[in-house]
Structures are given as C-alpha cells and as structure tokens.
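Student: I'm new to this one. Could you pick a single part and walk me through it closely?

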Amino acid sequence: MKENEKMLTIGQFAALHGINKKTLMWYDEIGLFKPAAINPVNGYRCYNYHQSPILETILLLRELDVSLEEIQKFMKNRSAENLKCLLDIKIAELDNSIRHLQAVRKTISNHSRNMENLLTLDLSEILIVEKEECYLVTVDIDRNTSFEKEVELITAETVKYQLGRLHDASYGSMISVASLENENFDDYCKLFIEIPFLSQKNGLHIQPKGKYLRAFHKGKWDTIHLRYKYILDYAHKNNLKLCGFSYEKGINEIVIDNIEEYIVQIEIPITELL
C-alpha cells in the first residue's frame, strides 16, 4: 500500500509536467516512455517521482525539435556523454537561430524607422548626423558593369556570407567624393551589403564613425545628379569638406509601385573647414 501511495495517476503525472495525458499514452505506445506500473485492478497507468527527470529530458529534447527517432536512440543508450553530444548540437543550432533572429530584428527595426521617418520627412532638408563605425561587404563595379553582372556579384556575396534571404541585409551603392566633385555623377565604384552581426570583419570596407551630411533624392536615377550639385553647393556655402564616399540606400522601395516615388538616402562623411 505504501508503494502504491507513492504512485501518481496518468492524469496527475501529466498535470505535474504540464502536458496532456494523451501524450503519455502515446509515448507508452511507441515505447519511448513507459509507466512505472500498471494497476492490476483497472489497468490504469501509474508513474512515480523518479520518472520526472527522464520525462523532462524527453520534453526538453522535443522542445528543441529533436526527432522522436533521435530521442528513442538516446533513451536506449542514456549516458552523460550522449546527452552532452546531443545538447551541444542543439546549442549550435540555437546560436545560429538567435543570430538569424537578431539580424531579422535589426532589419525590420530599420524598416520601421525608415517608415517612421517617411511620415515626417522633409525631402528638401539637409541634415548633419552622427554615425557609428560600420563594416560593409562590397563588390567593385564601374560604369560598364551590366545589371546582370551586378546581380551575379551580389548573389555570390549573399551565398558567401550565408544570407538565407535578401531581407537579412540592406543594400546600397557607393560613389567617391572625388567623382562627385569632378561631376562624374555616374561613376559608381562599389555596391555594398550591410549585414547585421558579422562574425568575420577582416577585409571588409569600413564606413567610418563621425559626422555625415544626410540628404534625400526622390525620383528616377537620371536626375540624382541635380541633387548632388545642390549638396556640393550646400557643403561649399557651409564650409564643409566632403570625404571618402557617398553611400546611397533606398528607403521606401517596399511601399511604392512607381519609380517616381523612389527615395534614396544619401550620406557623405564630412569635416568642418577651419
């Protein structure tokens, strides 16, 4: 009688672990987790407290998307070594998932911020903003690079950096300040990819920390040179020296159908002239 009093019914044991008793019945049927005893009078399944850690291990592995086949294999050869091996694999998978989710969160946060800015954006305004250092994956292009070749180059980099989807990063183009000052407004030299949480930064382009002139262009690409002329004039009048590259990035392509509505954000590093 004392031993029976230590037993739990299937309903009690299921409630203790926050699962449905049908789950326990199924685990029993497939031989994964059997009751401690069967009541000889009514045939009901009974469980004891010693089984709780084992069931919790199974539930944890199921939560980690370990297949039933893998769990059954482990249960037949339970050991600290086998469990550690199984958990280490899942830790690595979780770390990859976390990095992916962090990247997705940063991407959608950027989209959200862009949408918020669009609601109050004065396209005629030129701003001076502070930016943190940023690492960019870049590919070299010139005015003779075809669109097809640009797609090929970008695709190769997305594969290299294991981007699951294009939305895992943001994209843009670069033109040197020297080209702008020489009025070579179509002399683009690089395409860039900004990838959140890069694990490898050696050999990447560094977008420097510091002050940037930020402006916007709305409409087709063939009129962006007019905006650059205005920016150059603005910098001259305000005693600002443009440095390095201009970084261009579309900020509203996901909410427009007409290219006339396309908005490009332009950011150029600056220093103040003495």
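Tutor: Let's look at what lies over helix 7: the cover on its buried residues includes strand 5 (134-140), strand 6 (170-176) and strand 7 (188-194). Helices (H or I, at least four residues) and strands (E, at least two) are DSSP runs, numbered from the N terminus, and covering goes by contact, meaning heavy atoms within 4.5 Å. Keep in mind that this is a predicted model, where local features need pLDDT of at least 70, side-chain atom pairs count only at pLDDT 80 or more, and totals for chains, interfaces and linings use all residues. Residues are numbered from 1 along each chain as its sequence is written, and side-chain values use heavy atoms, with hydrogens and water left out.

So which residues sit under that cover? The buried ones in helix 7 are I154, E157 and T158 (buried is under 20% relative accessible area, exposed over 50%, partly exposed in between, with a 1.4 Å probe and protein chains only). Looking down the helix 7 axis, these residues fall within an arc of 100°, so they line one face; the arc is taken from the directions from the helix axis to the C-beta atoms. Over on the other side of helix 7, you'll find E148, V159 and K160 exposed.

Now the length. Helix 7 has 14 residues (147-160), and at 1.5 Å a residue it should span 20 Å, which agrees with the 20 Å between its end C-alpha atoms. That expected span is 1.5 Å times one less than the number of residues. Just past helix 7, Q162 takes a positive phi of about 55°.
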